[in-house]
Amino acid sequence: MGNIPQLITQPIIEQGPTPTVVFPTRTSASFHPKSNNNTSSSVSENDHEVNKNSNSSLSLTKDAADGHTSNNVSTENISEEEETGIIINHSALLSEIAEEFINSIPLLKKVKDSIEYSESFTGTDAVDTIAALLGTKNRKLALAVGRSLESQFLFHDVLYTNNLIDSNDNIYQLKSRSTMRYNRDSKLDISAIISDYIDSNPVYDDSKEISINKTENSSSNDDLYSSHDDLPTGVFVAISSCYSSTCTNDSPCYSYSCPRRKAFILKSSIKESKHNLNSISGSNDNAWSTTVGKNVLEKVDDHERKRQEVIYEFIQSEKEYVDDLIAVTKLIKRPLSEGIVPKINDNFINVVFSNIEEILSCNAPFSQALQNMQQKSSIVDKLGDITMEFVKSFTCYIRYGEIQPLAKEVLQYHKNTNSALENYLKQIQSKKEFRRLPLESFLARPTTRLGRYPILIKDILKHTKEDHPDQKTLKSTMEIIQNILKQVNEKAGKTTNKLKLDQWIKLLDQTTMEKVEDILKLKLGSPERQFLREGQLLLKREGTTPQEVDIVFLDNAFVITRKKVNSIEILRKPIPVQLIKLIDHEEEDKINNKSLQFNEKRYTFSIVHMGLRTYTFMTKVYSEKKSWIETIEERLKQVQGSCIELFNIFSCHLKINTAVVVKDDIMIFANENGLYTNVGNILTMILPLQRITTIDIMPDAGLLFVLIDKEVIPYSIDSLMKGDLVSNYKKPRKLCSGISFMKIGFCDGHHLLCAVKTANTNSTVRSYEPNQPLINAISTRTIKKSVSTIDVLIPHKQFYIPAEAKSIQFLKRTLCVGCTKGFEVVDINTLTTQSLFDTHNPDYEWIIKAEYNPIKLIKTTKGDFIVCYNKVGFFLDKNGNPSRGNSRIFWLNSATSFAYISPYILAISDNYVEVWNENNTDSVKQIIYGYNIRLFTSYTGDAVYIISGSEMQLISRIILSRKRMM
C-alpha cells in the first residue's frame with residue numbers, strides 16, 4: 001500500500017467566510033509559528049491540514065520577519081482567477097511536477113536579514129515556475145500545488161517557519177541538492193567529502209575522519225539522479241481531467257470531485273472572495289505597552305513609546321533565542337553525545353552543532369543583563385553600552401556560520417542513512433520547546449538571529465533622538481555586527497562552494513584521457529573556483545528532439561554535462577568564459593510562441609563557443625531563461641578588461657604568409673609571389689620570388705635568408721630595401737639545401753643561423769655565423785672586389801638529434817630543440833645532448849604519454865623557464881625540475897606559437913591570442929580575437945607582431961596595456 005499514490009483534493013479558495021489569521025505570542029524578531037503536523041497518508045487528514053493552514057494565506061502576502069499580514073493581493077492576481085475554468089493540460093502526479101520543478105526553478109544567491117542563502121529562490125519564483133510548468137496564469141492554483149509539494153518536504157523556508165507564500169520577501173531552498181540524493185542505497189560516499197573538508201580546515205579542533213558506514217547491498221542499477229523515491233507523491237485532483245464524456249467547462253458533471261465542477265463553483269465565488277479579502281487582519285498582543293501601567297504610558301510621547309516597543313521586542317526576542325539554544329543543547333546535543341542514538345559519534349556532534357554552546361555562553365549573560373535592565377526600569381533609557389559590551393564577543397558566530405552549510409549536509413545524510421536518528425528527532429520535535437519545528441530550524445537560529453540585530457537596532461535608532469548617547473554606541477555596535485555578518489557570509493559561501501565542487505568532482509566521468517584533460521582544464525582544485533549556477537536545460541539538436549542536459553556554470557567555464565548512473569559525463573568541450581558570446585532569442589521566442597498553448601511555449605538562448613560552434617538551449621519557464629542570461633551577462637562583464645593592447649601598423653589586401661622586422665616598424669613581407677616592404681606606409685615589391693616557405697633576418701650580417709624549395713638563400717638587406725633586385729634580379733648561390741626549417745638567434749656570444757634537415761627518426765642541425773673580418777672589411781671599404789652573400793657566413797657547428805626536430809630556441813649557452821620526443825638541450829661547445837627533463841621521472845609521465853607537440857621554451861624574468869607544448873605549459877628550473885609546484889596551463893585552443901611579454905605569456909592559435917599571467921595561471925586574463933593569426937617578432941625579441949585576416953591583412957604590434965602601465 002505504501003506505493004499507492006496519495007490523492008490530494010485541495011480547493012483553490014475556501015468557500016464561506018474567511019477566517020481570521022491569528023499569530024502566536026512570540027515576538028516578531030524571533031517569529032517561529034507552530035508548524036503543521038507530519039503529513040499523513042490519509043486523504044482526509046491531509047486535506048484538513050492544508051485547508052486549515054492555507055485557506056486564508058492563499059490570498060495573503062505574509063511577512064514572517066515582521067510577524068504581520070497584509071492585504072497585498074494584486075488586481076492582476078484576482079483577474080487571473082477568471083481563467084480557472086480552463087482545464088490544465090499537465091500531469092496531476094505530484095512526483096512529475098516535483099521533478100520538473102527541481103529542474104526548472106532558478107536557484108540563485110538570495111539575501112534575507114543580511115544573511116546570504118545560496119541556491120535559493122523566492123516564493124514568487126516558485127509560483128512563477130509552477131504556473132509556467134502547468135501552463136496556467138492562475139497564481140492561486142500554482143500556489144496550492146506548491147504548498148502540496150512543500151508539505152511533503154520538497155523545499156522549505158530558509159527559517160523553517162513559513163508555508164509557501166507568493167512573495168519576494170520569503171526565501172526557500174530545496175531540501176537537498178539534486179546532485180546529491182541521500183538515498184540509503186546511494187553509492188556516493190559523502191564521508192570522504194566531509195573528511196576532506198574538515199582535514200583541510202584546521203579551525204576545527206576535533207577533525208578526525210568521520211566514519212559513515214555505507215550500505216553494502218547497494219543496487220548496481222540504482223541511478224543516483226533518476227531515483228523518484230524521495231520525491232513527493234500523490235495526485236493533485238484540482239488539475240486532473242474528468243473522465244466523463246458529457247462533462248464540459250460550462251456544464252460540469254454531477255460528481256462532487258469533478259475538477260470542472262470545482263472550477264465552475266470557484267469562478268462563481270470570486271466576487272464574494274474579493275470582498276472577504278479586505279477584512280483579513282492579524283494581531284499581536286505581546287507588546288511593551290501591555291506590560292506597563294497606564295501611569296507609565298502617560299509619561300512618554302508617541303515617539304518614545306515606539307522606541308520602547310522596539311527595545312522590548314529586542315530584549316524579549318533575545319530571551320526566546322537563548323531559550324532555543326538551551327533547548328537544543330540540553331535536549332538534543334547532550335543526549336546525542338551520551339549515545340542515546342547508535343552510530344552517532346563525536347565527529348557528527350562537532351560538525352552538526354559546531355560551537356553552539358560557545359554562542360550560548362556568549363548570549364545567555366547578554367540576555368540576562370538585558371532582562372535585569374528591563375526589570376529595574378519599565379522605561380529603558382540606554383541600550384547601547386550593554387549591547388556594545390557583549391557584541392564584541394560575537395566573533396564566535398563566524399566559526400558557526402562557516403560550518404553551517406556542511407552541518408546541514410551531514411545532518412541530512414545521517415537522517416537518511418540512520419533511521420534511529422530520524423525517529424529520535426521526530427520524537428524531540430513534538431516537545432513543547434521545539435514547537436513542532438525541525439532541528440534544522442534551530443540550527444539556523446544563530447545566523448538568522450545575527451542578521452536580525454542590525455534590523456532591530458536600525459528600528460531603535462529610528463525612534464531615538466539625535467542627541468541621545470545610544471545614537472553613537474548603537475551605530476558602532478551595528479558596524480561590528482555587520483562586519484561579522486560579512487565574514488560569516490564570505491566563509492559560509494566558501495564552504496558551500498567547496499562542498500558542491502567536491503561532490504561534483506567525485507562524480508565526474510574520468511574514463512578516457514580526453515575527459516581527464518577537460519577536467520584538468522577547469523582547474524577545479526583552485527581556491528578561486530566557484531559554482532555560479534547549475535540547472536537542467538534542453539539542448540536543441542538539428543533534425544531530432546532536444547536533449548536534456550545539465551549545465552554547470554563555473555566562474556571560468558560553461559560546462560555541458562549529462563547525468564549517468566552514479567556519474568556525470570562532460571558532453572562537450574568546456575567553454576571558457578572568455579570565449580563565450582551570449583545570444584538572447586527574445587524576438588524569435590515571441591514569434592514562435594505566439595500561437596502556442598501556455599505550457600507548449602519555449603524560451604531560448606544561445607551560447608557561442610568562439611571559434612568552434614554554437615549551442616542553443618531551451619526552457620519551459622521564462623524566468624529560468626532570464627535568470628541564466630543575467631548570471632552569464634554579469635560574469636562576462638566581470639572578466640572584461642585588457643592587460644595587452646594591439647597597435648595596428650599596416651593593412652593591405654595582399655595575402656601575407658610571413659614577415660620580419662627590419663627596423664622599428666619597417667618590415668619585409670613574403671607571399672607566394674615575392675618579397676614586399678612597407679616603407680612610407682606603401683606596399684612595394686622588392687623581389688619577385690615564388691614558392692617562399694619562410695624568411696628570417698640577421699641584421700649584423702646585413703642579410704635576409706629565404707627558405708625556398710628546401711634551399712636557404714641569403715640576400716643583402718640593403719639591396720632589397722633600395723629596390724636594386726626588382727629589375728636586375730639574379731639568383732644568388734644557395735647556402736645549403738635539403739632544409740626543413742631554419743632559425744636565427746644569439747647563443748654563447750655568437751649570432752647563429754641554424755638550418756635543420758629532418759627525417760622520420762633523426763635530424764641534422766648545421767649552424768652558421770657571420771664572417772666578422774669580412775663584414776668589417778666591407779663596412780670600412782678596405783676590400784674592393786665584389787663579395788657573394790654566402791661568403792659573409794662561415795660554418796660554425798653541426799650536430800645530430802635522434803628524433804624529428806620541430807623547433808629551435810636559443811638559450812644563453814645552449815640550444816633547445818623541440819622534437820617528437822620532447823625538448824633536447826644541446827651544449828653549443830661540446831655538442832652533448834640531454835633531455836630537458838628526466839623522461840623516466842613519474843612526475844612527467846603525463847606529458848610523455850599525452851602526445852603533445854613541443855613548441856617553445858621561454859626564459860622568464862624570474863630565471864626559470866616556461867615549457868610550451870601545443871596544448872599545455874608548465875614551469876621548470878635550470879636543472880629540469882618543477883619551479884612552481886605542479887602548476888600547469890592548459891591552453892584554451894591548440895596553440896601554434898608563443899611569445900612572452902613579462903609577466904604575460906601569449907599563446908597564439910588561428911582564431912585568437914590567449915593572454916596568461918605567469919604569476920596567476922588559474923584562468924586566462926584576456927582573449928584577442930582574430931582570424932588566421934600568425935606570429936612574428938623583432939630580431940631582438942623585444943617586440944611582438946601578429947598578422948591576421950583573410951582578404952584584408954592586418955599587421956599589429958602587441959604592447960602592454962596603457963591602463964596597466966599607469
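Predicted model: local features only at pLDDT ≥ 70, side-chain atom pairs only at ≥ 80, totals over all residues.
Me: Take Y869 and F874: are their planes stacked or edge-to-face?
Reply: Their ring centres sit 6.1 Å apart, with 20° between the planes. Planes under 30 degrees apart fall in one class, and those over 60 in another. Both Y869 and F874 are buried, by the way. With that 20° angle, the pair is stacked.

Me: Which residue lies over the face of F314?
Reply: F314 belongs to a cluster linked by ring pairs, along with F366, F390, F394, Y397 and Y453. Over the face of F314, at 5.8 Å from the ring centre, lies R449.

Me: And how far is the charged end of R533 from the centre of the W628 ring?
Reply: Here the charged end of an arginine sits over a tryptophan ring, R533 over W628. The distance to the ring centre is 4.6 Å.

Me: S354 has a positive phi; is this residue buried or exposed?
Reply: S354 is no glycine, yet its phi is about 45°. You'll find S354 in the loop between α11 (346–352) and α12 (356–376). Its relative accessible area is 12%, and the cut-off is under 20%, so S354 is buried.

Me: What about D748, how does its accessibility count?
Reply: D748 is another non-glycine with a positive phi, about 50°, in the loop between β26 (741–747) and β27 (750–758). Its relative accessibility is 25%, so D748 counts as partly exposed.

Methods:
Residues numbered from 1 in each chain as written. Heavy atoms only, no water. Helix = DSSP H or I, 4+ residues; strand = E, 2+ residues; numbered from the N terminus. Buried < 20%, exposed > 50% of the residue type's maximum accessible area, 1.4 Å probe, protein only. Phe/Tyr/Trp six-rings, centres within 6.5 Å; stacked < 30°, edge-to-face > 60°. Lys NZ or Arg CZ within 6 Å of the ring centre and 35° of its normal.
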